[in-house]
Amino acid sequence: MKFSLLTHLIAHSWDLPKLIETAQGLGFAGLEFRVEEAGGHGVELERTQAERRQIRERVEDAYLEIVALGTGARLDSPDEARRREAMDHVKRYVDLATDLGCTRIRVFGNDIPEGVCRQDCTAYVGEGLRSIAEYSDPGGVDILLEMHGQFNYWGFALEAVMAADHPRVGILYNCDLKDMVGGSVSATYGRVAKWVRHIHMHDLASGYPYLELFQLLQRSGYDGYLSPELSTKSPTPDQYLALYATLSKAWAACASHTSPSSYV
């Protein structure tokens, strides 16, 4: 597994040189751009072909990868015209991703509208995913449904992805405390593991069992990226201590499974 620097929230205002410098300095292997936010990175639809080529070359010359483009597009509207508009919008980002050498785009199902049958909603979200994926397939771009909002529930996310029934459609797993069953995320993650192609992490001291998640990822052979989606607020002393405790426990657990000879 590899880590990518996400431009949402904490890095929102950073320009491309700062993103590249920070990613290199901290050992990130890639960059994930949150688009449609007027952020400092400038990676948007308005970029010319020459500008797109320059962005791609600057990132590649730094031995980094453009991991994903995160759109805010939602496919949950019961209005077919609005869904079509959202799909056409995402397809423009597919073209941008192809030009940048990026292989993942994030979209949402998000919420089930009032008065709409759950199965009907997951079905038409799946149809939207398939339509975009058919467009993105020639460029090798995956369309990832983020587990977010009501679609954070694995049942809805999985139904939509299976309804799409396209090899370019997958899941962006969003680490959420609601995934825990009996203090573990194993049951939830296991339901969707086959379709997970990208992961968003959050505050390490939130109570989410990240050590368990990493173990699950290793066992399943996950070789994709994880992006930390972090707040811009500086940690308070209490939060800092909680983070310190979390990391210390994780390191201790890892050390207990490592033989002394492995350090030689």
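## Basis

The model is predicted: local features need pLDDT of at least 70, side-chain atom pairs count only at pLDDT 80 or more, and totals for chains, interfaces and linings use all residues. Residues are numbered from 1 along each chain as its sequence is written, and side-chain values use heavy atoms, with hydrogens and water left out.

## Overall fold

The protein has eight helices and eight strands. Helices (H or I, at least four residues) and strands (E, at least two) are DSSP runs, numbered from the N terminus. The C-alpha atoms fill a box of roughly 60 × 45 × 35 Å along the principal axes.

Buried residues (under 20% relative accessible area; exposed is over 50%, partly exposed in between; 1.4 Å probe, protein chains only) make up 46% of the 264 residues. Among contacts (heavy atoms within 4.5 Å) with a separation of 6 or more, 80% join residues 24 or more positions apart.

## The barrel

Eight strands form a closed barrel in the order β1-β2-β3-β4-β5-β6-β7-β8, with parallel pairing. Neighbouring strands are turned by 30 degrees against each other on average, direction ignored. Two strands pair if DSSP finds at least two bridges between them.

Strand β1 (residues 2-6) pairs with β2 in the parallel sense over three bridges. S4 has G30 in β2 as its bridge partner. Helix α1 lies across β1 and β2, at about 140 degrees to β2. Axes are lines fitted to C-alpha atoms, for helices over the stretch in contact, and angles run from 0 to 180 degrees between N-to-C directions.

## Helix α2

Helix α2 (residues 49-61) has 13 residues and should span 18 Å at 1.5 Å a residue; its end C-alpha atoms are 18 Å apart, which agrees. The expected span is 1.5 Å times one less than the number of residues.

R52, I55 and V59 are buried in α2. They cover an arc of only 60 degrees around the axis, which puts them on the same side of α2. The arc is that of the directions from the helix axis to the C-beta atoms. The buried residues pack against α1 (16-26), β2 (30-34), β3 (65-74) and α3 (80-100). Exposed Q49 and D61 sit on the face turned away from the buried side. Y63 follows α2, with a positive phi near 60 degrees.

## R52

R52 is buried, with a relative accessible area of 9%. Leaving aside neighbours within four places in sequence, R52 is in contact with L45, R47, D95, L96, D99 and L100.
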